[in-house]
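The entries follow in the order in which I made them.

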Amino acid sequence: MRSDKPVQHASQPLADRVLEKTGVDVARCYQCGKCSAGCPLAAEMDFPPSQIMHLLQLRDFPEFAEMALRSHTIWLCLTCEICYARCPMEIDIPKLMDALRHEALAQDKVNPKAKDILAFHRAFLDSVRYTGRLFEMGQIVDYKLRSRHFLQDLLQAPWMFFVGKLHLLPERVRGRRLLGRIFARTLKAKEKRS
Amino acid sequence: MARIGVFICHCGENISATVDVQKVAAAAARISGVAHSVEYKYMCSDPGQQMIKNAIKEKNLTGVVVAACSPRMHEPTFRRACAEAGLNPFLCEMANIREHCSWVHEKSDATTDKAIDIVRTLVAKVKKNKALLPIKVPVTKTALVIGGGIAGIQASLDIANSGHKVILVEKEPSIGGHMSQLSETFPTLDCSQCILTPRMVEVAQHPNITLYSYAELESLDGFIGNFKARIRKKARSLDEKLCTGCGLCTQKCPTRKIASEFDAGLGMRPAIYVPFPQAIPNKPVIDRLNCTYYLKGKCRLCEKICPTQAIRFDQEDEIIEVEVGAVVLATGFDIKHGDFFPEYGYGKYKDVIDGLQFERLASASGPTLGEMRRPSDGKVPETVVFVACAGSRDPAKGIEYCSKICCMYTAKHAMLYKHKVHQGKPYVFYMDIRAGGKMYEEFVRRAMEEDGVQYIRGRVSRIYERGGKLIVKGADTLLGGRPMEIEADMVVLATAGVANAGAEELAQKVHISYDSYYFYSEAHPKLRPVETNTAGIFLAGACQAPKDIPESVAQASGAAAKVAALFSQAELIREPLIAVVDRQAPPLYSTCTGCFLCQTSCPYQAIEKEEIRGRDGQLIKTVAKVNPGLCQGCGTCVALCRSKSIDIQGFSHEQVYAEVLALLNRGESDV
Amino acid sequence: MKTGFYPGCSMKGSAREYSESLLAVSQALGRELPEIPDWNCCGATAAHNLDHDLALALPARILAAAEKNGMDEVLVPCAACYSRLSVTRHELLEDEALRKKISGLIEADYRGSARVLNIIEWLAAIPELESKIRAPFAHRVACYYGCLLVRPAGILNFDRPEDPQSMDLLLKRIGATPLDWAFKTECCGAGFSVSRTDVVAKLSGLILEDAVSRGAEAVVVACPMCHLNLDMRRPNIEKYSGKKYGIPVIYLTQAVGLALGLDEKKLGLRRHKVKVKFGEGLAKPPSASITPASAMPTAGAKSASGDSPAGAGSTAAKSGEV
């Protein structure tokens, strides 16, 4: 069951909202931990995936759902899909992570440690919105402006240019206007709402 | 002329609080054909029953209706009372004005009217009742036990000790089952073979038990008390009467590198072999799939050296026909094998083994003579990881249930490992600990507290091999889902308990139900655990569901008790509420046209063909015939019969229509 | 059967040699690869992390354009794009209401008819591959599948998610010796190359360590992201682990190109951070390993020994289900 309802804060348990939007039912998780065991990023996460599940399972405790939304975990998840492949209950954890990310954005509860990760994604999508494709140079500049990591990878750039992997000019898609409309109807619309 | 007696029960206040029982009694008295109508507080009590008996005698009643609780409660009570007063018990019916009326409605006139309607309906029915006699079925007092594991052995011994004959059929060359493969058993750490082999010997020596080993059931026909079984005794390729079990052939056989089934693939056996030293019967069998003679026509060494010339290469399977009165299925279980855990390398890495393989490693008669050595290079494993729930409780792997015994045997394995490798490090990755039996919890605590087994709560995501070690990637959920990586020398998986291969085929041969996992279905999950829905066929042990030895033995004795109860009667008495195909005068003989739709649809295979022949022996027609021993009175055939030639005694078309019409024409038949 | 081509953004930039080698190989094998006209970025990780509808709309526009162009199937060499396009197609085919909604968003009726192919499938389906080999790629290789070629298995239905064999079989066909190793499908660090380079250094380091310890002469990849992390981020890996790794990382198309006898420069081998040379100064294969030598599970295809062309070419990539 999917729905596209705008986000309701606090009234409905997060687990129920997630179930509606994605069809993922956290009640099926019996906390075996196999997802956390196989997750490549588990050691860096504040709440490994099985813990995120449990934070949502306790529906009567909205403060736990809050912890999940504000976690670093959901941004560290790189959608490698290993958890889903191994989960004995076949729970679509990557889909759950996506939904939590969307909720965190909508409620403006992004973990400060994920600043750079989010900046990278935003820079990426900016490039796509304006040119239709990823213009790597432009994206890097955008990212550095957002993240303030001006000196990062500075030494890589000349090498990349030298071997012909770095273009100075973007390729533009003809259907850029349509892409602009697509963005306006989706990402930008949600950003406006929150 | 009908003279019906109506007896209305107050049932304390259960009925009288909601239904005006006096009014019902008065209304019943006005129904035509009713000669006697009373109400009383407790009809099922002795005085109540006496009332019925007196009325039958005094008023010459031709039928009785007791308006009270559900027939499932007291129908036998009242029928017995009528029989004692000289009235055929099947002329007594119960009108349920409790479960169907007083218990489901509020007190009102409508409720009382409904009670009156119910009584009226049953009065109309009972007027059409016929006196019936119970059916007697002879009983062959021999039991067939299929499966010679601990459950089958126990059941056989119990039945044999109660004075009846037993035929025990086991498909492996020896009895003993999985229990003979175990090293020590929980919760006592008894040596498995030490406690099993005395029973095995008892079976072999018992005068009442006939053992057919290396044999399988070929077919089963008949019905409770009267089964006909055909058993296929597979060819051992030797004359058992001549063979002395000296074992010379097994020592000299040149083909020695066949993976031993008894050693769960870890050891080798020759082509002519006895599965294990304590086998019963202690006679070898030739594995025709791997024997050089059968493959290439050469060798024949065993034949040459056998001191009694017992080898018979051209021996064929033998079919033995037996008549039995009851069947006990004790075919046991298996553990899941195959490529279903690729993330653990099960089947790929030699040192990732299952529970039965560990038992063989630990066993003194196993491939390593009880020394804890890992399969790949024979080194003593210093770190062993035990993975619980490897397949069970895992919908992604196709098994949702819990296999019940693994928590206990995993603890046991970890303990056995520690007892043999004092400096060893055992780890158990678990989800829950299920230790519900007697002394079970204490056993697991002993593993943790005394033997130093480290339990980590979490499942293992992946196992891979590097540099001769197995890298186990698990997690500890009690530490917040923290990844835990252990470098192990050996990994033991507690793989799921599953039904034996061939379970479905056997169930279909004997016509019993089974579930989606091919475990056999009991008649009622709580109240009838050792019976099946097929009369005369009983269950014992893990073929019904995974279970441990104490429970298997208990169930086996339970099944044996059922069999003994069955055999304690000279004949089986059955209720005559069965279907009957009608008979008419010649030349019709029967309205049955012989379409046999009833036979196809009967869930109990209770309908046969009957040939009606003239006096000269010529066939007139073939009609359906109901086997009174098998019919359960379900009525499926009655519903399907297009010529209305088949009917149920006690629930005939006439009786049922009478009930319906009584309801529709309420009051018209009252005086 | 018209096969279209979706290069994806990185093929133009950081994965230029992948694009070069693919084009060189397709030319050598006489296969046309018409690009989907006016294709846009698939959205990769960023889109689905930030917005569900956008994540579906971007791939939907691409596939709708392919369908409009009469393409029955689309080759998507980048594993991330392959994943996004496959997942989008699956979701929209499953949910009619969603398909209509996304079609509205992209202002085009997306039907879901065009199949999405990955590079391994496409190469494996070329029956005359063996006959065109001029210089068998006789090296010990570690085939690195990464995450998105085989997972989520239920949607992709391509190869088994544990110990896949499709790329290994393909490498065998061109004369290589694919090794059995433990990190075939472990994540390299994916899109964190810039924002969390430390994570990439750690995860990619583990992959290289395992490959090297098994005696691999090269790691073969089929994803621009994986290549970037394993190759371009080599200095970061070496800094993090404190060890030097000289093992080269090459694209599947480069390996095939070399086997077909194509020029190194044409295949873009000079664009790598780690010099592409084989067999020098690399670890010998370990002696006694407890992995049995024949660890190959049953595969659906006939595993060609490298001499005769495989029979049913289109099934060559499919392996036995778990």
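**Entry 1: chain C on its own.** I began with chain C, in which I find 12 helices and 7 strands, where helices (H or I, at least four residues) and strands (E, at least two) are DSSP runs, numbered from the N terminus. Of its 322 residues, 66% count as buried, and I take buried as under 20% relative accessible area, exposed as over 50% and partly exposed as in between (1.4 Å probe, protein chains only). Among the contacts in chain C with a separation of 6 or more, 77% are accounted for by residues 24 or more positions apart, contact being heavy atoms within 4.5 Å.

**Entry 2: what I am working with.** I note that this is a predicted model, in which local features need pLDDT of at least 70 and side-chain atom pairs count only at pLDDT 80 or more, whereas totals for chains, interfaces and linings use all residues. Residues are numbered from 1 along each chain as its sequence is written, chains are lettered from A and ligands numbered from 1 in the order in which they are written, and side-chain values use heavy atoms, with hydrogens and water left out.

**Entry 3: chain C against chain A.** How many residues does the contact take from each chain? I read 60 residues from chain C and 59 residues from chain A. The two chains bury about 5,200 Å² between them, 58% of it on carbon and sulfur atoms; buried area is the accessible area (1.4 Å probe) that two parts lose on being put together, summed over both. On the chain C side, Asn49(C), Leu50(C) and Val194(C) supply 13% of the area buried against chain A, more than any other three residues.

I looked up the salt bridge of Glu44(A) with Lys202(C), whose closest N and O atoms are 2.8 Å apart.

**Entry 4: chain B against chain A.** Here 22 residues of chain B are in contact with 18 residues of chain A, and about 1,500 Å² is buried between the two chains, 54% of it on carbon and sulfur atoms. I find 1 salt bridge across this interface, and Lys34(A) forms a salt bridge with Glu343(B), the closest N and O atoms being 3.0 Å apart. I count 8 residue pairs in polar contact between chain B and chain A (both at pLDDT 80 or more). On the chain B side, β24 (460-466), β25 (469-476) and β26 (482-488) are the elements that give two or more residues, and the residues of that side divide into 8 nonpolar, 6 polar and 8 charged.

**Entry 5: the two domains of chain A.** Chain A is divided into domain 1 (14-110) and domain 2 (113-193), with bounds that come from an automatic or database domain assignment. Their centres, taken over C-alpha atoms, are separated by 28 Å, and 5 residues of domain 1 are in contact with 5 residues of domain 2. The domains bury about 490 Å² between them, 82% of it on carbon and sulfur atoms, and His72(A), Trp75(A) and Leu105(A) supply 79% of the area that domain 1 buries against domain 2, more than any other three residues. I find 0 salt bridges and 0 residue pairs in polar contact (both at pLDDT 80 or more) between the domains, and the residues on the domain 1 side divide into 4 nonpolar, 1 polar and no charged.

**Entry 6: Asn88(B).** Is Asn88(B) buried or exposed? Asn88(B) counts as buried because its relative accessibility is 16%, and its place is in the loop between α3 (71-84) and β4 (92-96) of chain B. A polar atom of the Asn88(B) side chain lies 2.8 Å from the backbone nitrogen of Phe90(B), and the side chain also reaches the backbone oxygen of Leu132(B) at 2.9 Å. Leaving aside neighbours within four places in sequence, I find Asn88(B) in contact with Ala131(B), Leu132(B) and Leu133(B).

Technical notes. A salt bridge is a side-chain nitrogen of Lys or Arg within 4 Å of a carboxyl oxygen of Asp or Glu. A polar contact is a pair of N or O atoms within 3.5 Å; within protein, one must be able to donate a hydrogen and the other to accept it, and residues adjacent in sequence count only if both atoms are side-chain atoms. Ala, Val, Leu, Ile, Met, Phe, Trp, Tyr, Cys and Pro count as nonpolar, Asp, Glu, Lys and Arg as charged, and the others, Gly among them, as polar.
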